[in-house]
Amino acid sequence: MLPRFIFWRCFSISKNNLRVNEEIHIREVRVTSAEGEQLGIMLTRDALQMAADQHLDLVEVAPKARPPVCRIMDFGKYRYEQQKREKEAKKKQKVITIKEVKLHPSIEQHDFEVKLKNALRFIEEGNKVKVTIMFRGREMSHQDLGRNLLDRVAEEMKDLVSIERDAKVEGRNMIMILAPKAQNKGGK
């Protein structure tokens, strides 16, 4: 008879849904030790007894294999290390946000320069920039003015950006998305 207190750690990880100890309902399993050496195919109850003798857990790591592969390990420690790795990976992610600059086709030169300066600042911060030309009333019939304005923005910023999405009309707006160019690390 197996001691009951060892099998209280029968919970699953949200992403992997690993079955642990008494959750394994297959007759035979292939067992590996904590160090990774093959212990062979055996009855599940024998594998559970072997894990209990070592004060460890039997964890099903490859349920689709025939027979399923189970590893004898400390499941609490494994889960802790996995959460730690996920947290570390999350820290290394860089969140890129899309900043928006709104213009009108009849924008004055100084206003255009101010908007361009803001867009350059967003690009230098590593964000993408969504340049939106908003058309009002009869301006919709002169979409070429909006396209020329977007071309002008792209031309002014051509050294720093690449056009991720070309000018496209969506409703009463014309939108273009600019992304910062990848920096060459070789110094060229």
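E164 is partly exposed, its relative accessible area being 45% (buried means under 20%, exposed over 50%, and partly exposed in between, with a 1.4 Å probe and protein chains only). In this predicted model, local features need pLDDT of at least 70 and side-chain atom pairs count only at pLDDT 80 or more, while totals for chains, interfaces and linings use all residues. Residues are numbered from 1 along each chain as its sequence is written, and side-chain values use heavy atoms, with hydrogens and water left out.

The partner of E164 is K128, and the closest N and O atoms of this salt bridge lie 3.0 Å apart (a side-chain nitrogen of Lys or Arg within 4 Å of a carboxyl oxygen of Asp or Glu). This pair links distant parts of the chain, K128 in strand β6 (residues 128-134) and E164 in strand β7 (residues 161-170), 36 residues apart. Strands here are DSSP runs of E with at least two residues, numbered from the N terminus.

By this rule there are four salt bridges. Among them is R19 with E60, at 2.6 Å between the closest N and O atoms. R19 belongs to the segment before β1 and E60 to strand β3 (residues 57-62), 41 residues apart. E60 is buried at 3% relative accessibility, whereas R19 is partly exposed at 29%. E170 and R165 also meet through their side chains, at 2.7 Å from N to O.

Turning to strand pairing, β1 (residues 28-32) and β2 (residues 38-43) run antiparallel over five bridges (pairing requires at least two DSSP bridges between two strands). E28 has L43 of β2 as its bridge partner. Five residues separate the two strands of this hairpin, and G36 in the turn has a positive phi of about 100°.

Conventions
Helices (H or I, at least four residues) and strands (E, at least two) are DSSP runs, numbered from the N terminus.
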